[in-house]
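Please open the structure in a viewer and keep the selection tool at hand.

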Amino acid sequence: MDLDPLSSNIKNFWKENRNSSCTKCSLHKNVKNVCVFGNGSTETKGMVVFDYPTEMDDQYGRQVPSNALMYLEKVLEEEGIELNSLYSTYAVKCSINELYKGKPEAMLKECSLLYLEKEIELIKPKAILTLGPVAYYNFSHKNGLVKNRG
(Lines give C-alpha, C1' and ligand atoms only; values in the text may rest on other atoms or scores of the structure.)
Protein backbone atom coordinates (compact mmCIF):
# COMPACT_ATOMS: atom_id res chain seq x y z
CA MET A 1 0.00 0.00 0.00
CA ASP A 2 1.52 3.27 -1.11
CA LEU A 3 -0.04 5.89 1.18
CA ASP A 4 1.98 9.06 1.38
CA PRO A 5 2.08 9.69 5.14
CA LEU A 6 0.97 13.28 4.66
CA SER A 7 1.25 15.06 1.33
CA SER A 8 2.06 18.77 1.39
CA ASN A 9 -1.52 19.78 0.58
CA ILE A 10 -2.80 17.59 3.44
CA LYS A 11 -0.21 19.07 5.81
CA ASN A 12 -1.46 22.56 4.91
CA PHE A 13 -5.08 21.42 5.19
CA TRP A 14 -4.40 19.97 8.66
CA LYS A 15 -2.48 23.06 9.76
CA GLU A 16 -5.37 25.33 8.78
CA ASN A 17 -8.27 23.16 10.02
CA ARG A 18 -7.21 20.59 12.61
CA ASN A 19 -7.51 21.38 16.30
CA SER A 20 -4.82 19.21 17.91
CA SER A 21 -5.84 20.44 21.37
CA CYS A 22 -9.58 19.90 20.91
CA THR A 23 -11.53 19.22 24.11
CA LYS A 24 -15.05 19.58 22.65
CA CYS A 25 -15.96 16.05 23.70
CA SER A 26 -14.87 13.46 26.24
CA LEU A 27 -13.11 11.32 23.61
CA HIS A 28 -9.98 13.48 23.90
CA LYS A 29 -9.34 12.10 27.41
CA ASN A 30 -8.38 8.61 26.23
CA VAL A 31 -6.31 9.27 23.11
CA LYS A 32 -2.72 10.11 22.31
CA ASN A 33 -3.58 12.26 19.27
CA VAL A 34 -6.72 14.39 19.24
CA CYS A 35 -8.59 15.15 16.04
CA VAL A 36 -7.06 12.77 13.46
CA PHE A 37 -7.95 13.97 9.97
CA GLY A 38 -7.88 11.94 6.77
CA ASN A 39 -5.43 11.52 3.92
CA GLY A 40 -5.38 11.33 0.16
CA SER A 41 -6.08 13.78 -2.61
CA THR A 42 -7.78 17.06 -1.79
CA GLU A 43 -8.34 17.49 -5.53
CA THR A 44 -10.79 14.61 -5.85
CA LYS A 45 -14.38 13.88 -6.74
CA GLY A 46 -14.67 11.07 -4.20
CA MET A 47 -14.47 10.86 -0.43
CA VAL A 48 -14.46 7.77 1.78
CA VAL A 49 -15.68 8.20 5.37
CA PHE A 50 -14.75 5.53 7.91
CA ASP A 51 -16.15 5.40 11.45
CA TYR A 52 -13.22 6.56 13.63
CA PRO A 53 -9.42 6.32 13.79
CA THR A 54 -7.91 2.97 14.77
CA GLU A 55 -5.57 2.60 17.73
CA MET A 56 -2.65 2.68 15.26
CA ASP A 57 -3.95 5.92 13.71
CA ASP A 58 -4.09 7.35 17.22
CA GLN A 59 -0.51 6.23 17.95
CA TYR A 60 0.87 7.82 14.77
CA GLY A 61 -1.48 10.82 14.72
CA ARG A 62 -2.54 10.16 11.13
CA GLN A 63 -4.32 7.60 9.01
CA VAL A 64 -2.12 4.51 8.60
CA PRO A 65 -2.67 1.38 6.51
CA SER A 66 -5.15 -0.96 8.21
CA ASN A 67 -6.99 -4.10 7.16
CA ALA A 68 -9.98 -1.99 6.10
CA LEU A 69 -7.81 0.37 4.03
CA MET A 70 -5.92 -2.50 2.40
CA TYR A 71 -9.18 -4.27 1.52
CA LEU A 72 -10.66 -1.05 0.13
CA GLU A 73 -7.50 -0.46 -1.89
CA LYS A 74 -7.81 -3.97 -3.41
CA VAL A 75 -11.49 -3.50 -4.30
CA LEU A 76 -10.85 -0.07 -5.81
CA GLU A 77 -7.88 -1.34 -7.84
CA GLU A 78 -10.13 -4.02 -9.35
CA GLU A 79 -12.27 -1.14 -10.61
CA GLY A 80 -9.25 0.82 -11.86
CA ILE A 81 -9.35 3.40 -9.05
CA GLU A 82 -6.31 4.27 -6.93
CA LEU A 83 -7.01 4.79 -3.24
CA ASN A 84 -4.69 7.81 -3.22
CA SER A 85 -6.91 9.47 -5.83
CA LEU A 86 -9.64 9.73 -3.17
CA TYR A 87 -9.74 11.53 0.15
CA SER A 88 -10.45 9.24 3.09
CA THR A 89 -11.32 10.42 6.57
CA TYR A 90 -13.36 9.63 9.69
CA ALA A 91 -16.81 10.61 10.94
CA VAL A 92 -15.42 10.79 14.49
CA LYS A 93 -11.93 12.29 14.73
CA CYS A 94 -10.66 10.57 17.89
CA SER A 95 -10.14 6.87 18.49
CA ILE A 96 -12.96 5.54 20.67
CA ASN A 97 -13.18 3.50 23.82
CA GLU A 98 -15.37 0.52 24.63
CA LEU A 99 -18.20 2.67 26.01
CA TYR A 100 -19.08 3.93 22.56
CA LYS A 101 -18.74 0.79 20.45
CA GLY A 102 -22.06 0.00 18.78
CA LYS A 103 -23.56 3.39 19.68
CA PRO A 104 -23.05 5.68 16.67
CA GLU A 105 -25.50 8.34 17.79
CA ALA A 106 -23.77 8.66 21.17
CA MET A 107 -20.38 9.12 19.50
CA LEU A 108 -21.67 11.72 17.10
CA LYS A 109 -23.43 13.64 19.85
CA GLU A 110 -20.17 13.66 21.81
CA CYS A 111 -17.86 14.44 18.92
CA SER A 112 -18.15 17.70 17.05
CA LEU A 113 -19.19 17.14 13.45
CA LEU A 114 -17.77 20.53 12.54
CA TYR A 115 -14.51 18.90 11.46
CA LEU A 116 -16.09 16.45 9.02
CA GLU A 117 -18.43 19.12 7.70
CA LYS A 118 -15.42 21.39 7.16
CA GLU A 119 -13.53 18.63 5.32
CA ILE A 120 -16.53 18.05 3.03
CA GLU A 121 -16.90 21.78 2.43
CA LEU A 122 -13.21 22.12 1.48
CA ILE A 123 -12.87 18.90 -0.57
CA LYS A 124 -16.23 19.33 -2.35
CA PRO A 125 -16.63 15.64 -3.31
CA LYS A 126 -19.29 14.64 -5.82
CA ALA A 127 -19.67 11.25 -4.11
CA ILE A 128 -19.17 10.08 -0.52
CA LEU A 129 -18.77 6.41 0.38
CA THR A 130 -19.53 5.62 4.02
CA LEU A 131 -17.88 2.55 5.49
CA GLY A 132 -19.19 1.54 8.89
CA PRO A 133 -22.22 2.15 11.08
CA VAL A 134 -20.98 5.43 12.57
CA ALA A 135 -20.19 6.95 9.18
CA TYR A 136 -23.54 5.69 7.85
CA TYR A 137 -25.43 7.14 10.83
CA ASN A 138 -23.70 10.50 10.32
CA PHE A 139 -25.31 10.89 6.89
CA SER A 140 -28.59 8.97 7.31
CA HIS A 141 -29.39 9.45 11.03
CA LYS A 142 -30.53 5.81 10.99
CA ASN A 143 -29.15 2.88 12.97
CA GLY A 144 -28.86 -0.46 11.26
CA LEU A 145 -26.39 -0.20 8.39
CA VAL A 146 -27.09 -3.75 7.14
CA LYS A 147 -30.87 -3.40 7.50
CA ASN A 148 -30.98 -0.06 5.65
CA ARG A 149 -28.40 -0.63 2.92
CA GLY A 150 -29.50 -0.35 -0.64
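The model is predicted, so local features need pLDDT of at least 70 and side-chain atom pairs count only at pLDDT 80 or more, while totals for chains, interfaces and linings use all residues. Residues are numbered from 1 along each chain as its sequence is written, and side-chain values use heavy atoms, with hydrogens and water left out.

Glu 121 and Lys 118 form a salt bridge, their closest N and O atoms being 3.9 Å apart (a side-chain nitrogen of Lys or Arg within 4 Å of a carboxyl oxygen of Asp or Glu). Both residues belong to helix α5, three residues apart, about one turn of the helix (helices are DSSP runs of H or I, at least four residues, and strands runs of E, at least two, numbered from the N terminus).

Now select Glu 119 and Lys 93, whose side chains meet in a salt bridge (2.4 Å, N to O). Glu 119 lies in α5 (residues 114-123) and Lys 93 in the loop between β3 (87-90) and α4 (104-110), so the pair ties together parts 26 residues apart in sequence. Glu 119 is buried at 0% relative accessibility, and Lys 93 is buried at 1%.

Finally, select Lys 124, which follows α5 and has a positive phi, near 55°.

Definitions and conventions:
Buried < 20%, exposed > 50% of the residue type's maximum accessible area, 1.4 Å probe, protein only.
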